[in-house]
Amino acid sequence: MAKTLVLIEHDRQEVKRPSLHAITLARQFDGEYGLLVLGHRLDEIVKSLVCFGASVTMVADDPALAEPLADRYATVIADAARKFGATILLATSSTFSKDILPRAAALLDAPMVTDVLAIERKDDSIVYRRPVSAGSMVTTVTVDSDRCVLTARATAFEPPEANAAACPIERFAVAASSLPNGMQFISREERASERPDLTEARVVVSGGRPLKNKETFDRLVGGLADVLGGAVGATRAAVDAGMVPNDYQIGQTGKIVAPQLYIGIGISGAIQHLAGIKDSRIIVAINKDPDAPIFKMATYGLVGDLHQIVPQLIETLHKS
Amino acid sequence: MKILVAFKRVPDPNDDAPVGGGALVSTAKSVINPFDQIAIEEALRIRERGEATEIVGATVGAPSVDEQARAALAMGVDRAIRIDDSRALDPYAVARILRALIAKEAPDVVIMGKQAVDDDSNQVGQMLAGLLAWPQATFVSKIEFLNDRKRVRCTRETDAGLEVVETTLPCIITTDLRLNEPRYVSLPGLIRARRKPIEILTCDQLGMTVRPLTTVLSTARPPKRAAGTRLQSVEELIVKLKQEAKVL
Amino acid sequence: MNSATREVFGNIAPWMQVAFFILMAASLGWLLWQVAARALLWRKGLAGGFERDWRVWIERVVTYALAQKRVHRKSLGAFLHLLLFSGFVVLTIGTTLLMIAHDGPVDFHHGWYYLIYELTMDVFGVAFIVGCVLAMYRRAFRRKPSLGHNSSDWWLLGLLLSLGLTGFVLEALRMHYTHVQPPVAQWSIVGWLIDATLLRRLDVGYAQTMHLVMWWLHAALVAVFFATIPVNRFLHVITGPLNIAGRPERPMGALVPLRLDEVEQTGRIGVSEIDHFSRQQLLSLDACMECGRCEDACPATATGKPLSPKKVVTDLRGLMAHGGELHGQTIRAETLWACTMCQACVQECPVLIGHVDLISDMRRHLVGEGKLSGPPARALQQVGNQSNPYGRPNSQRLDWAEGLNVPMVESNPDFEYLLWVGCAASFDPRAQKVARATAQLLKDAGVSFAVLGPEECCTGDPARRIGDEFLFQQLAQTNIETLARRGVKKIVTPCPHCYNTFKNEYPQRGGKYHVQHHSTMLAELVGARRLNDGNGGDHGDPITLHDPCYLARVNGEVDATRAVLGADRNSQFREMPRCGKKTFCCGAGGGRMWFEELPEQRVSRLRAQESVATGARTLATACPFCLNMMSDGMAGTPGGENVKVLDIAELLLSRQTLSTPVVPNGGEAPHQYTS
């Protein structure tokens, strides 16, 4: 019987909703599953964490955990996993979980499988499907160990259905003085945004280098996103050109998104970017080059000058 | 300061991806994993700044990987070590092997790419840090040594933006794309590389045995998206999105 | 008249004559000493690199030094230089003839010879003085920035003017105290005019004394002039002809090959110290008189990049003379990377300095030492790994031909022409249309041709230009072997860079072919009526042509492109101000296609503005890189959004559908073409 512990991510204010998608995967294993939250001053977060059929919510709340430093977090997570008796330690893929979980895996002497898309049952064991080579291929892997660590790709799993049944909260004591302290948090640069999170949004509008500069990018890509209530993303080229900050980057080495509607403006469709959007339900491409590779993947393609098409689109959508 | 850079041989990401079984199709052109090239480049720049005295390159694999070891030497690494192992390993096995090597080499910093572009696992650096109980800085886009090289300050690229952390040395650093742009290597580098040694070690010599715990059963191309339609106007697009796709 | 003559050294006592000769010998000696010192500096370079054929020396000196071929143009500078040059040469020859007549066995300095001599000297003396005055005027009021100004410039001009003026004053004084009368006097027209007006009442004895003083003044000025030649612009009179003669004969489009064994031995590649240049290159640095024409023509300078070909030469010259560090200090990397290798500077230089070779040599060092990174490094890595700079699998090299049924060498081994597509036309979506148009036209005309498909590898031009010589040699080797295996003798290609490399550089590696740019072949086919020229005459919209650097300037081919466009019969065809062999770069050469450029520094924008200013609605070009750059440039230029940028093959193909079909294989056309 599997015993899964799901690590939940938050931004010190509220739970990051994509991190809940891992629960959907947890439910696919036979057996109970618990939730784990680390941080400081977590009361509001824990309250908002409506249990999704978890057998327990373990909370490690300590000033030493105020910032997600990998060495401390991995130690606490490994201890919690051992206490819970977890055979599977699981979280949604994010820079947070990718930074910390492999380290926890090592502390648990367990192998790890990253970016699980789905699981299958083969004979008595479970096999995992995961993307490789920028998503151009999918491998099926097995794990030969009595415990393992997984991260799940948020866009491959639906958000879990909540149920109102409360589940026990277990405060997990942290021996702060015995935590490693070789790492120190210095600062963070975060922008408050009124737009939805890129990985959570229903609509994503993203732009590429042909937008040339920040002003045009904000006006056209941002403008279209706002009229659709969507998030803004960008290609690596746009980030490199300084049009947008790095957290807007979608692609093999950036964020993976799978919105209901993705609109790519001035994006030719390099394979690294396509790897980040290919699971979107509807892809719209606007590009003046009719031979751009993105058109092979787009549900709807519009060939033309984005400087004319996008303002027209924004205006027409405003009116309706 | 001694830097150890770990690198992996991967199929050239520009080539058509090889299909079939888990193992590499050996006729495909191979390169040093682009993120590891960034790691090597950073080590070279740290040395050019006068902050490092020795750069050791380390990799795990079959004899064919010597090609990449030579490429690393051509970039400017002082010595290269290949731990001879022709099996299909998983990240945890690689991390354990590297841990044994690091016990022997005792570097002050270990730098490697955040993920290999063929496997995309993004695990080895972090696992290694856990095994060694060393601090880690992952997805780093800027490295600065402080306090007479007793601490390092790194800027990390996270989902929320940029984050700055400091760690003590020794530590593990994994590189992200925007850390630097690796130098081009041509003939003079290759000539110099010929005079530098590639040391071959085995797991036995390092006093350990590892067994990969993850096995790739099969590899396949995901189903292709069906080709879509070309539209002629903004009006047509809005109509389609509303009525056909029902997404507006 | 036969007795017309004048005394030489008339007023000069014998001991003064001796003193004079000693003074001249000393100043000339000092001049030679200084020149020898410079020559020792040149000698620090690598041996060799000089042209060996004396017939080439003579031809070059006559063409460029005497006939001044590169100097002539419609400008004040060229005009005044003509005056200065001709004046100085004639006056020098005159003085020499006088010396020969005086000291030699036969005194021929009398009679009609003497009279014509006097007139000639006076006329050219005036020309010389006018030249000096114009030069001073230009330097004071109309100086173009690229000419620059050194502290020695006023000194030199003042000196030259004084020499000219004192010469005439001397003549007038001599004529006065020796009582030279008309009609003989009038042959020395200027001296006579001065004598007749200013000196009329001058006491003869007084005149003689003044003559002596003025004579010594003139002699002193001459001595100072000789002695100071090496420290001002005048040095080019000596070093210019030396470089003009000594510059090695090589096609403009061919860079210097390197030898693998030399690199293995020395462990270094390219130039990292001043003495790694050849002796000829070091000499060429001293030939520069800083006219600034190279800078005026340079597209990098014009777009505000940190490169001026003139400054590269003068900086290297300073390094040669004073020592220091080459890379980073004297010449920055950004300077070297900014060059598009369009060769405009090389073409302009009146003393034949090879700026591009200097830059190429220094680039090779940077690349060899790992100082290249970013997009151009990626491009070269991809050239090495995928055999094309785009990094696409070479197996996709024929994707452009989808649906066209283009013959491949494999299945058509009896082809006559190999259509070499090139990487740009194979992979760049915009340029693929050029490949399609070219192939279609060749098929329509019934030309026997085939393509290599995936066997085609990059010619290596980007590798060589950016600075990895050995990657170029590797690719050349591979391609030459492929071409030999497929029995290729004739090549036609739409890319001027491939064309240049095959024509001028592959022979260095043993690959010799009959190479044509597609413009030449298309022009031949149109001329032979195997393709429609669209019935000549007007085609409606105004059209202009951007000549590709590597076709027009580097290989001198300007007619075929115009023939394909029917330019001479099209009243709507306009030339751009910088056209033909004096074309202006699109910015892609020298490997710059793969470098990142700030939008405000884009060479293509500058060129697009030039095109827009002609009023043309179509910009024709004949190079896939120019096509790419100019399309981009137009997009970023006001007025450019409505300009169509098309290759001549695309334009010609569109005319094939306009009128009646032609007879393939060059048969007689059955009917007249109506317009």
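**Entry 1: a helix pair inside chain C**

I began with helix α1 (residues 14–43) and helix α8 (residues 204–228) of chain C, which pack at an angle of about 15° with their axes 7 Å apart. Because of that angle, α1(C) counts as roughly parallel to α8(C). I note for the whole notebook that this is a predicted model. The crossing of α1(C) and α8(C) is right-handed.

I then listed who touches whom. From α1(C) come M16(C), A19(C), F20(C), L23(C), M24(C), S27(C), L28(C), W30(C), L31(C) and Q34(C). They meet L212(C), W215(C), W216(C), A219(C), A220(C), V222(C), A223(C), F226(C) and A227(C) in α8(C). Sorted by class, the contact of α1(C) with α8(C) has 17 nonpolar and two polar residues, with no charged residues.

**Entry 2: chain A against chain B**

Next I looked up the contact between chain A and chain B. Chain A puts in 80 residues and chain B puts in 74 residues. The size of an interface is often given as the accessible area lost when the parts come together. For chain A and chain B, the buried area is about 6,400 Å², and carbon and sulfur atoms give 52% of it.

Which residues of chain A lose the most area to chain B? I found R103(A), M137(A) and Y300(A), together 11% of what that side buries.

I wrote down the pair R211(B) and D144(A), whose side chains meet in a salt bridge at 2.9 Å, N to O.

I took helix α4 (residues 95–107) of chain A with helix α4 (residues 124–132) of chain B. Their axes come within 7 Å and cross at roughly 45°. The two helices, α4(A) and α4(B), are therefore oblique to each other. I logged their crossing as right-handed.

On the chain A side, I noted K98(A), D99(A), P102(A), R103(A), A105(A), A106(A) and L107(A) of α4(A). They meet Q126(B), M127(B), A129(B), G130(B) and L131(B) in α4(B). The contact of α4(A) with α4(B) divides into seven nonpolar, two polar and three charged residues.

α9(A) passes α6(B) in a right-handed crossing.

In α9(A), the contact is made by I309(A), Q312(A), L313(A), T316(A) and L317(A). In α6(B), V234(B), E235(B), L237(B) and I238(B) make it. By class, I have six nonpolar, two polar and one charged residues for the contact of α9(A) with α6(B).

**Entry 3: chain C against chain B**

I asked how many residues chain C and chain B bring to their contact. Chain C brings 26 residues and chain B brings 19 residues. Chain C and chain B bury about 1,800 Å² between them, 45% of it on carbon and sulfur atoms. The salt bridge count between chain C and chain B is two. I recorded the side chains of E369(C) and R192(B), which meet in a salt bridge at 2.8 Å, N to O.

**Entry 4: salt bridges overall**

I searched the whole structure and got 78 salt bridges over all chains. I picked out R121(A) and D30(A), whose side chains meet at 3.7 Å, N to O. This pair links distant parts of the chain, 91 residues apart. R121(A) is in strand β6 (residues 118–122) of chain A, and D30(A) is in the loop between α1 (21–28) and β2 (33–39) of chain A.

L169(B) and P170(B) are joined by a cis peptide bond, with omega about -5°. P170(B) is in the loop between β9 (161–168) and β10 (171–175) of chain B.

P183(C) lies in the loop between α5 (151–177) and α6 (184–187) of chain C.

Last, I checked R41(A). R41(A) is not a glycine, yet its phi is positive, about 55°. I placed R41(A) in the loop between β2 and α2 (43–48) of chain A.

Key. Residues numbered from 1 in each chain as written. Chains lettered and ligands numbered in written order. Predicted model: local features only at pLDDT ≥ 70, side-chain atom pairs only at ≥ 80, totals over all residues. Heavy atoms only, no water. Left-handed = near helix turned anticlockwise from the far one by under 90°. Helix = DSSP H or I, 4+ residues; strand = E, 2+ residues; numbered from the N terminus. Contact = heavy atoms within 4.5 Å. Nonpolar A, V, L, I, M, F, W, Y, C, P; charged D, E, K, R; others polar. Buried area = accessible area lost by both parts, 1.4 Å probe. Salt bridge = Lys/Arg side-chain N within 4 Å of Asp/Glu carboxyl O. Axes fitted to C-alpha atoms, helices over the stretch in contact; angles between N-to-C directions. Parallel < 35°, antiparallel > 145°, perpendicular 65-115°, else oblique.
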